[in-house]
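Welcome! Keep the model open beside you and try each exercise before you read its solution.

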Amino acid sequence: MQTQIRRNNLYSALLLLSFPVILLGMVWVFLYAVNALEGDHYDAYGNVVQGVTLEEVNAYFLQAVPWVVGGVGLWFVIAYFANAQMIQRAVGARPLARRENPRVYNLVENLCIANGMDMPKINVVNDPQLNAFASGINKDSYTVTVTTGLLRVLDDEELEGVLAHELTHIRNRDTRLLITSIIFVGIISTLMSMLVRTLYYNFLFGGRRRSDDRNNSGGSALVVMLVALVCAAVAYVFTLLTRFAISRSREYMADAGGAQMSGNPRALASALRKISSNPGLDSVEREDVAQLFIMRPDEMKQGVMSLIDGLFSTHPDPRKRIALLEQY
C-alpha cells in the first residue's frame, strides 16, 4: 500500500509538471503556424521577411507565456480547491444526513475507526442504478458518494465491501491523482469546445457578412482557427495519455484493500457482480468524471468513441476483478 501511495504522489507531481509543458508547446506550435500562414511580412526594423522566423515566433511566444500561464494557473487553483462542489454538481449528489441513513454512517465509521482513518463526508445520488466513488484532495474534502440504487440492492456485508473499496482509494491518495487528471482534461476540453464553436459560427455566419474585399482575410481567419483546433486536439490526446499514469492496477489495489478492510472479499465480489449488472449514473456523461466510479457506467459503452475511451479506460474488466476476489 505504501508503494501505491508513493507512486500516486509521484504521478501527481509529474502531471503537474507535464501539463504546462504540453500546453505551452501547443501555444508555440500555434504561433508558428499562424506566422507561417501570413507569408511575407515586416520585421521590427521595417525589413521584408519571407516566411516565418524562429526569432519572431519566440518573441510572440514570450509575450503570450504570462497570459497563458496566469490564466491556466488561476483556472487550476479555482478548480483544485472547488473540486468537491464541481464533482457534486456533475453527478447531482447531495449530502446524506446521518438520521436519513444511519446504516451507511455506521459502516463507514466502523471501517475508519478500525483502520485509523478520518471520517469522510458521505453524499448520495438519487439514481436507481448502482455505483459509488470516492473524491477529494485532503481530509476536508474527502467524500464517499453512493447511489440510492446501491443502498437498496446491496446487503450490509456487500455495502461494507464497497465502502471499504472507496476508503482504500482515499487512503492510497488515488483521489488526489484522479482529481488532478480531471482538472487537466477539463481545461483542454473547454478550450477545444470554444475553438469548435468559434470555428462553427465563423464558417456559418462569417461568409454572409463579409464583403468581397474581405474574403481573403476571412479565409485566413478560418485557416487560423483550423490550425488552433488541430493544436488543441493534439494537446487533448496528450492529456488522455495521462490516464496511463492512472494505472488499472489502482482498482485492483482498491479491491484488495477493500477486502482487507472489510475482512470479506467474497462479499465485495458479490457486490461487484451486482453492480456490473446495472452500473451507471444517468446524469453523468463525462468520461473524466466517470473514472472516479467503482465501475464504468454502461451508458458510456455505446458509440464510436467507446473504442477510444476503452483504450484509455482506467477500469479493468469486472469479471477479472471478481475472479481475483473469489480466490482469496
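This is a predicted model: local features need pLDDT of at least 70, side-chain atom pairs count only at pLDDT 80 or more; totals for chains, interfaces and linings use all residues.

**Exercise 1. Find out why strand β6 counts as largely enclosed by the rest of the structure.**

Solution. Step one: locate strand β6 at residues 143–147. Step two: apply the cut-off, since buried means under 20% relative accessible area. Step three: check both faces. T143, T145 and T147 point one way, V144 and V146 point the other way, and all are buried. Step four: conclude. Because 5 of the 5 residues of β6 are buried, the strand is largely enclosed by the rest of the structure.

**Exercise 2. Work out which strands pair with β6, and in which sense: parallel or antiparallel.**

Solution. Start with strand β4, residues 121–125: β4 and β6 are parallel, with 5 bridges between them. Next take strand β5, residues 132–135, which runs antiparallel to β6 and is joined to β6 by 4 bridges. In this pair, S135 has T143 of β6 as its bridge partner.

**Exercise 3. Describe helix α10: what is its span, which residues are buried, and what covers them?**

Solution. First, the span: helix α10 (residues 265–277) has 13 residues and reaches 19 Å from its first C-alpha to its last, close to the expected 18 Å. Second, the buried residues: these are P265, A267, L268, A269, A271, L272 and I275. Third, the cover: the elements over the buried residues of α10 include α5, α6, α9 and α13.

Note on methods. Residues are numbered from 1 along each chain as its sequence is written. Side-chain values use heavy atoms; hydrogens and water are left out. Buried means under 20% relative accessible area, exposed over 50%, partly exposed in between (1.4 Å probe, protein chains only). Helices (H or I, at least four residues) and strands (E, at least two) are DSSP runs, numbered from the N terminus. Two strands pair if DSSP finds at least two bridges between them. The expected span of a helix is 1.5 Å times one less than its number of residues. Contact means heavy atoms within 4.5 Å.
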